[in-house]
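Hi,

Here is the structure I promised to pass on.

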Amino acid sequence: MPLSEQEQRLLEEMERNLYRNDADFVSAVSGRRGKPNYTLVTVGALLAVVGIGVLITGVVISIPLVGVLGFALMFGGVLLALTPAKGSAPAAAPEAPAASRPSRSSWTDRMNERWERRQEGER
């Protein structure tokens, strides 16, 4: 079932507000992370493998400090491999046409006003 024009406008306005107000969330969810840095991924994976080896060695020789060091190496390697490239640009928010921009009241204010009108109408 297709959305009505009013529902489509409301959905588009919600998307614009989300892009404008919560850019970090949008960039994390959108999947547009940019080109991965394969050097960091490779170094991180190697560091994680070395960390696993040091961790196992620490367990075998029963020295907790070596095991903790191995875990720290492994954890650091995974973080390094999963860190996004610093040169990647955040996702840009789509621009709204000038005619559809709200004048003074925000979207939440308008929704609150609509809710209050509905509540008053039911009494």
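This is a predicted model: local features need pLDDT of at least 70, side-chain atom pairs count only at pLDDT 80 or more; totals for chains, interfaces and linings use all residues.

Below is what turned up when I went through it.

**Overall layout**

The protein chain is built from 5 helices and has 0 strands. Reading from the N terminus, the order of elements is simply α-α-α-α-α. Of the 123 residues in the protein chain, 11% are buried.

**The salt bridge**

How many salt bridges does the structure hold? The count is 1. The partners are E13 and R110, whose side chains meet with an N to O distance of 2.1 Å. What I like about this pair is where the two ends sit: E13 belongs to helix α1 (residues 5-21) and R110 to helix α5, so the bridge links distant parts of the chain, 97 residues apart.

Are the two partners buried or exposed? E13 has a relative accessible area of 13%, so E13 is buried. R110 comes out at 24% relative accessibility and therefore counts as partly exposed.

**Charge on helix α5**

Helix α5 spans residues 107-122, and D109 is found there too. D109 is one of the members of a patch of negative charge on the surface, where it gathers with E113, E116 and E120. With 37% relative accessibility, D109 counts as partly exposed.

Searching the whole structure gives 1 aromatic pair. Its rings belong to F71 and F75: the centres are 6.2 Å apart and the planes sit at 15°, so the pair is stacked. The cut-off behind that word is that planes under 30 degrees apart count as stacked.

Where do the two residues sit relative to each other in the helix? Both are in helix α4 (residues 64-82), and because they are 4 residues apart, about one helical turn separates them.

Two C-alpha distances are handy if you want to find your way around in the viewer. A72 and V54 are 9.8 Å apart by C-alpha, and 18 residues apart in sequence.

**The nonpolar patch**

I52 comes up again here. Which residues make the nonpolar surface patch? They are I52, I56, V60, I61, I63 and L65, and the patch covers about 580 Å². Helix α3 (residues 38-60) supplies the largest share of the patch, with 3 residues. I63 is placed in the loop between α3 and α4, and its relative accessible area of 38% makes I63 partly exposed.

**Where to look**

If you open the model, you could begin with the E13 and R110 salt bridge, go on to the stacked rings of F71 and F75, and end with the two surface patches, the negative one around D109 and the nonpolar one that includes I63.

Cheers

Notes:
Residues are numbered from 1 along each chain as its sequence is written. Side-chain values use heavy atoms; hydrogens and water are left out. Patches are made of residues with over 30% relative accessible area and no salt bridge: like charges are joined within 9 Å, nonpolar side chains (Val, Leu, Ile, Met, Phe, Trp, Tyr) within 5 Å. Accessible areas come from the Shrake-Rupley method with a 1.4 Å probe; for residues, only the protein chains shown count as cover. A salt bridge is a side-chain nitrogen of Lys or Arg within 4 Å of a carboxyl oxygen of Asp or Glu. Lys and Arg count as positive and Asp and Glu as negative; His and the chain ends are not counted. The place of a charge is taken as NZ of Lys, CZ of Arg, CG of Asp or CD of Glu. Buried means under 20% relative accessible area, exposed over 50%, partly exposed in between (1.4 Å probe, protein chains only). Rings of Phe, Tyr and Trp (its six-membered ring) pair if their centres lie within 6.5 Å; planes under 30 degrees apart count as stacked, over 60 as edge-to-face and the rest as tilted.
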